[in-house]
Amino acid sequence: MSRTRITAAVAVLALATGCGAADMTKQASPFANARGARTVTLSVQSWVGAQANVAVAQYLLEEELGYRVDTVQVDEVPAWDALSQGRVDAILEDWGHPEQERRYVDDKKTIVNGGDLGVTGHIGWFVPTYFAKEHPDVTDWKNLDKYADRFRTPESGGKGQLLDGSPSYVTNDKALVKNLKLDYRVVFAGSEAAQITQIKRFAKERKPFLTYWYTPQWLSAKVPMTEVELPPYEEGCDADPAEVACAYPVTPLQKYLNADFARHGGEAAELLRNLNWTTEDQNEVSLLIAEQKLSPREAAREWVDGHESTWRAWLP
């Protein structure tokens, strides 16, 4: 998203590559911000790609550097509050939160940018490729109303359904539907896992669907989807959440560190700043977790065993 600009990506398949969890402004990890201790607390967003990042970082911190790592699942916006307060030390995948950046990075200076993750994210509206091949004009948003009845569900009432995941993800969809005057209703599945379940069901039955989706995401290799072209994104076109009428931007995903941790976190902070991998790397770990049902630690170990030349460069 950016993925969580207006409200908050993407939620768990247990987990994704685009958020329900505890409010970390009221819940502290026992290990966070422990001066002098070799402990690190990482925020885990609820989509599997974010879980893949954390799994590999945790494995390396523990096995290569001897840290104790605590992880806490927390929604995107509350994670910034928790990071500012030192309740967590790092967010490893952020899809763009300009308001939080201004408040905590620019003004309060309690959070610092930890560098590019190496993965570029994009949110958009997608239809299954099998439907786009039969109806190629559906990929232009101006033609969506023509197919509204094909995308209708009991949940969307008399309108076409635009399926979203978690309401905590970055989403402009309600404003887009309203401002583009489309005969659709945004229906939230509730989580990334629930959204994936619905998409898989639609695909198995070869039914048409319109969904908010994002790349990178492992499911795209299992259920090919084609993006619907929205009005082109221009800098600032999404500045007013109520007036958004443009596509989502392409977002180089960022890492953020608590400022004290960045200064005093030693080898752990250095490794997290250095962590930079590809979409293919992330999807490889995500698939091990989501499809092969490995635990995050098992998936991380398998990736680490096969990619030493990549992660060795991250070590202090």
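Modeller: Contact means heavy atoms within 4.5 Å. This is a predicted model, in which local features need pLDDT of at least 70 and side-chain atom pairs count only at pLDDT 80 or more, while totals for chains, interfaces and linings use all residues. Residues are numbered from 1 along each chain as its sequence is written, and side-chain values use heavy atoms, with hydrogens and water left out.

Biologist: What makes a residue of helix α8 count as buried, and which ones are they?

Modeller: Buried means under 20% relative accessible area, exposed over 50%, partly exposed in between (1.4 Å probe, protein chains only). In α8, residues 266-274, the residues that fall under that limit are A268, A269, L271 and L272. They lie on the same side of α8, because they cover an arc of only 160° around the axis; the arc is that of the directions from the helix axis to the C-beta atoms.

Biologist: What covers the buried residues of α8?

Modeller: The cover includes β1 (39-44), α1 (48-63), β3 (90-94), β4 (111-128), β9 (250-258) and α7 (259-264). Helices (H or I, at least four residues) and strands (E, at least two) are DSSP runs, numbered from the N terminus.

Biologist: Why are β4 and β9 called paired?

Modeller: Two strands pair if DSSP finds at least two bridges between them. β4 and β9 have 8 bridges, in the antiparallel sense, and therefore pair. I111 stands opposite N258 in β9.

Biologist: How many bridges join β4 to β8?

Modeller: There are 4, and the two strands run antiparallel. F126 stands opposite E227 in β8.
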